[in-house]
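Please look over the sequence and the structure first.

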Amino acid sequence: MFGNNRLTVIMEVSVHFYSYFKDLTGCAQSNQTLPDGSTLGVLHDKLMADFPKLASMKKSTLIAVGVDYQLRDYLLKHGDEVSLFPPVQGG
Amino acid sequence: MKRSLLITADPINETALLAQRNMSPGMGAVVNFLGVVRGEEDGKAISAIDYEAFEKMVTHQFNLLFDEMAKRWPVESVRLIHRIGIVRVNEPSLWVEIAAPHRGEAFAACQWLIDEMKRVVPIWKRPQFK
């Protein structure tokens, strides 16, 4: 008896910030809920809305899911561990 | 290709590393590179650099680079150590060794590996200004 009600499936992902992104957000980690089927780009936009200082680094932000780099069209899954960070500087 | 990777907060012991070198008779070139902390950053004097790493991803990305390096050059072995935490001025933060049959491929592989490291391996530095 659900009528025309739509069931929106929600997934949760964890987001980790590294380097001075921790300063920009004020935290090292954030749990985010998103509609099922969201892309990494949708998550990034949501994070820039939640943490506006991240927007200044939009073009140079690197994003990984697990231990691999991914692009904005990557389809997120429930439980994904996402990492956001500035350009790397090893050596 | 033999590979050895260590991400450590401990100082790099070059003497011990050189004593552990192990290469086959067919190898005619070894390139060693040290990255050393400079005394200034953006024109300001510093005392040290505090290195931060996303360690699980660092290991994965270095292994991807080693895989690619093995496809490009006939490297017999690579050993790489990167320090994390506080590294003082004049101390090495990075130690790399590449053994290959000839100097051309050893130099090229070492240069490529460090260039790629600076592009994809998630390590960051925070200078400690005086």
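Chain A holds an open sheet of 5 strands in the order 2-1-5-3-4, with mixed pairing. Two strands pair if DSSP finds at least two bridges between them. Helices (H or I, at least four residues) and strands (E, at least two) are DSSP runs, numbered from the N terminus. This is a predicted model: local features need pLDDT of at least 70, side-chain atom pairs count only at pLDDT 80 or more, and totals for chains, interfaces and linings use all residues. Residues are numbered from 1 along each chain as its sequence is written, while chains are lettered from A and ligands numbered from 1 in the order in which they are written.

**Sheet of chain A**

- The edge strands are strand 2 (29-35) and strand 4 (68-69) of chain A, each of which pairs on one side only.
- Strand 1 (residues 10-17) and strand 2 of chain A run antiparallel and are joined by 7 bridges.
- Across from H16(A), strand 2 of chain A places Q29(A).
- Strands of a sheet pair through backbone hydrogen bonds, either parallel or antiparallel.

**Helix 2 of chain A**

- Helix 2 (residues 40-50) of chain A packs on the sheet, where it touches strand 1, strand 2, strand 3 (62-65) and strand 5 (81-85) of chain A.
- The direction of this helix makes about 125° with that of strand 2 of chain A; axes are lines fitted to C-alpha atoms, for helices over the stretch in contact, and angles run from 0 to 180 degrees between N-to-C directions.
- L40(A), L43(A) and L47(A) are the buried residues of helix 2 of chain A; a residue is buried if 20 or more other C-beta atoms lie within 10 Å of its own, exposed if 12 or fewer, and partly exposed in between, with C-beta atoms placed from the backbone.
- Seen down the axis of helix 2 of chain A, these buried residues fall within an arc of 60°, so they line one face of the helix; the arc is that of the directions from the helix axis to the C-beta atoms.
- An α-helix has 3.6 residues a turn, so residues three or four places apart point the same way.

**Chain A overall**

- Chain A has 2 helices and 5 strands, which run β-α-β-α-β-β-β from the N terminus on.
- The C-alpha trace of chain A spans about 60 × 25 × 20 Å along its principal axes.
- Of the 91 residues of chain A, 20% count as buried.

**Contact between the chains**

- The contact takes 18 residues from chain B and 10 residues from chain A; two residues are in contact if their C-beta atoms, placed from the backbone, lie within 7 Å.
- Helix 3 of chain B gives the most to the side of chain B that touches chain A, with 4 residues.
- That side of chain B divides into 10 nonpolar, 4 polar and 4 charged residues; Ala, Val, Leu, Ile, Met, Phe, Trp, Tyr, Cys and Pro count as nonpolar, Asp, Glu, Lys and Arg as charged, and the others, Gly among them, as polar.

- K2(B) is found in strand 1 (residues 2-8) of chain B and counts as partly exposed, with 14 C-beta neighbours inside 10 Å.
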